[in-house]
Amino acid sequence: MSKRFLNVLLVGLLILVLAVVVTGCGQSSGEKEVKDSGSKKEAQGPTKENPMVLKFSHVNTADHPKGVAAQRFADLVYERTDGRVKIEVYPSSQLYDDLHAVEALQAGNIHFIAPFSGKLTGYAPSFQLLQFPFLFPTPEDFYRFSDGELGQRLLGNLEKIGLKGLAYWDNGFMHLLNSKRPIRTVEDFKGLKFRIPGGKITEAQYKFFGASAITLPFSEVYAALQQGTVDGLENSLTNIETMKFYEVTKYLTLSNHSYLGYIVITNADWWEGLPDDIRQIMSDTLKEVSQWQREKASKSDQTSLEKLKQTDLEIIELTSDELDKMREAVLPLYQEFEDVVGKDLLQDTIEMTQK
Ligand code: LMR
């Protein structure tokens, strides 16, 4: 091997080693750069340019007191986070009907729902508490429950199923609507088939009345009434009006027999994992919006009754004697279901309403 050839070989090797070193260094600094910008972004959280997009799904119309409150919550959160959090509100079961919304929330596909408490009874049976007939004599009794320790105690039961109850929303008392006959007495229920939102207590209530009950999603009620699959249902005045149930029924009995309270719920793990400032803004905003929602619901209850009086519905007001008889008929339910909701919770709630 000539000396010249050896020199050329050595220079070549040197260039190769240098190239490997330079490329290697370049690669590792490049990777570091990517990681750095990733962690910086995480630390920064969402921005106006790259917002956190969340979904609020519900079954009511957009102009319902639940619908307008969900939208107000979304608007205020957007404003107060300077556009970093964008909540999209999906009304009228557009995204999920009430039978699938809880699973979707548990799976993290949506971030907020606000179902009637009766929709939760398959997951957390204690929520049947709010379905005991004639438990809350006035809306104020329900407010004292939901604003106090008892309301918090009930919300705590959602933790076992990975959910977090954030607030109570409101929709007034349930009344009886049907297409067969005016209901004044227990005998008038005989043979009628009622659609119910769910829950064993409500099912048993209709059995005690001599009627039957089937659970259907809210979105299917109008068609079921129209086709005669069911003869009637129980619901709030606002729901009867906004869902136009008065078009496919004839008689409305103002029974005030149970309360339509909503629970605003999120996924517990997701909520705890949020940046502190965002969680705080959402929590404070929800508190404020919940007060506003209560006023809206109460006004809507009155205006809906006025509107329903203008329809072809026959509206039946019960005497206190008739109401007492209905109450007596379902009294055995209290003992039958006390273990399902928890004896203490039920007793404490009854005592609270009597104070
Ligand atoms: C129902 O009857 O299903 C209602 O509770 C729905 C609702 O959320 O108002």
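Predicted model: local features only at pLDDT ≥ 70, side-chain atom pairs only at ≥ 80, totals over all residues.
Me: How much space lies in the largest pocket, and which residues lie nearest its centre?

Reply: Rolling a probe the size of a water molecule over the atoms shows where empty space is left. On a 1 Å grid over the protein atoms alone, a cavity is a set of points where a 1.4 Å probe fits but cannot get out, whereas a pocket is an open set with protein on both sides within 12 Å along at least five of seven lines, and lining residues have an atom within 4 Å of a point. Grid points are joined across faces, edges and corners, and a volume is the space filled by probe spheres set on them. In this structure the largest pocket holds about 460 Å³, and of the 19 residues that line it, Q152, L155, L166, A167 and Y168 lie nearest its centre. Two or more lining residues come from each of α4, α5, β4 and α10, where helices (H or I, at least four residues) and strands (E, at least two) are DSSP runs numbered from the N terminus.

Me: Which residues of α5 are buried, and where on the helix do they fall?

Reply: A residue is buried under 20% relative accessible area, exposed over 50% and partly exposed in between (1.4 Å probe, protein chains only). In α5, which runs over residues 149–156, the buried ones are L150, G151, L154 and L155. Seen down the axis of α5, they fall within an arc of 140° (taken from the directions from the helix axis to the C-beta atoms), so they line one face of the helix. They pack against α4, β4, β10 and α14, with contact meaning heavy atoms within 4.5 Å.

Me: How many cavities of 30 Å³ or more does the structure hold?

Reply: There are two. The largest has about 190 Å³ of space and is lined by 21 residues, with V59, K66, D98, F116 and K119 nearest its centre.

Me: How many aromatic pairs does a search of the whole structure find?

Reply: Rings of Phe, Tyr and Trp (its six-membered ring) pair if their centres lie within 6.5 Å, and planes under 30 degrees apart count as stacked, over 60 as edge-to-face and the rest as tilted. The search finds 20 such pairs. F189 and F194 form a tilted one, 5.9 Å centre to centre with 45° between the planes, and F189 and F194 are buried. F218 and F245 form an edge-to-face pair, 5.9 Å centre to centre with 90° between the planes, and this pair links distant parts of the chain, 27 residues apart. F218 is buried at 3% relative accessible area, and F245 is buried at 0%.

How values were computed
Residues numbered from 1 in each chain as written. Heavy atoms only, no water.
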